[in-house]
Each structure stands twice: as C-alpha cells, then as structure tokens.
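Hi there,

Here is the structure I promised to pass on to you. Have a look at it first, and then read my notes below.

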Amino acid sequence: MARNGIIGVVSEYFYEVRPRTDKRGVDLISEALPFGRLWYAEPDAISNAIGYARFFSRSHDAVIRVYDEAGNVIETHQHAGEFKEP
C-alpha cells in the first residue's frame, strides 16, 4: 500500500465512522476495507462499526474516529494490534 509516496507495510489503519446523509445509520470508511466503506443501520450501528474495525485490524494498530453530523470528531479509539511479527 502506498501512503505519501512511500510503498511499504502499513503499520496503522485509520477508520472513520460517519453518519449517513440519508439519516439511515452510519458508514465505516477506511482505505483498509476491501470496498472502502461499510453501512451499519441497526440500533447499535456505531458500536458495531467500531467492533468490526477493531476485528479487521487485529494484526495492525488502528485509530478509529467517530464523527457527528457537523463533521466534528466526538470519539477517538486507539487499538493496538494483537499479532506482531518478531
């Protein structure tokens, strides 16, 4: 994966949990996801999105930011990857 013109191993994933413009849940957005975003619409949408991001990045460090409708960060979660190479 290339980041800032450097090709190599990504040591940290970044995720965004943003409310959908149609008011039907939240989107989990990241370059680390296979399709770029996932839609969550159930009552626990935010916590489910955070849980998926933690699970998906279990071998990498991750920063998960939750945004409100105005675009302000209201929560930040940091997850340390569980599986590291020696």
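These notes cover the aromatic rings, the charges over them and the nonpolar core.

Please keep in mind that this is a predicted model.

Let me start with the rings. There are 2 aromatic pairs in the structure. One of them joins Tyr13 and Tyr15 edge-to-face, with 6.4 Å centre to centre and 90 degrees between the planes. Tyr13 and Tyr15 are both buried. In the pair of Tyr52 and Phe56, the planes are at 20 degrees and the centres 5.8 Å apart, so these rings are stacked. Both residues belong to helix α1 (residues 45–56), where they are 4 residues apart, about one turn of the helix. Tyr52 is partly exposed, at a relative accessible area of 28%, and Phe56 is partly exposed too, at 27%.

Arg18 has its charged end over the ring of Tyr67, 3.7 Å from the ring's centre. Arg20 lies over the face of Trp39, with 4.5 Å to the ring centre.

Now for the core. The largest nonpolar core contains 15 residues, and Tyr15, Val17, Leu28, Tyr40 and Ile64 have the most contacts inside it. Two or more residues each come from β3 (12–19), β4 (26–29), α1 and β6 (61–67). Helix α1 gives the largest share, 4 residues.

Tyr15 is worth a click in your viewer. Beyond its neighbours within four places in sequence, Tyr15 is in contact with residues including Leu28, Leu33, Ala53, Phe56 and Ile64.

Notes:
Residues are numbered from 1 along each chain as its sequence is written. This is a predicted model: local features need pLDDT of at least 70, side-chain atom pairs count only at pLDDT 80 or more; totals for chains, interfaces and linings use all residues. Side-chain values use heavy atoms; hydrogens and water are left out. Rings of Phe, Tyr and Trp (its six-membered ring) pair if their centres lie within 6.5 Å; planes under 30 degrees apart count as stacked, over 60 as edge-to-face and the rest as tilted. Buried means under 20% relative accessible area, exposed over 50%, partly exposed in between (1.4 Å probe, protein chains only). A charge sits over a ring if NZ of Lys or CZ of Arg is within 6 Å of the ring centre and within 35 degrees of the ring normal. A nonpolar core is a set of buried Ala, Val, Leu, Ile, Met, Phe, Trp, Tyr and Cys residues joined through side-chain atoms within 4.5 Å. Contact means heavy atoms within 4.5 Å.
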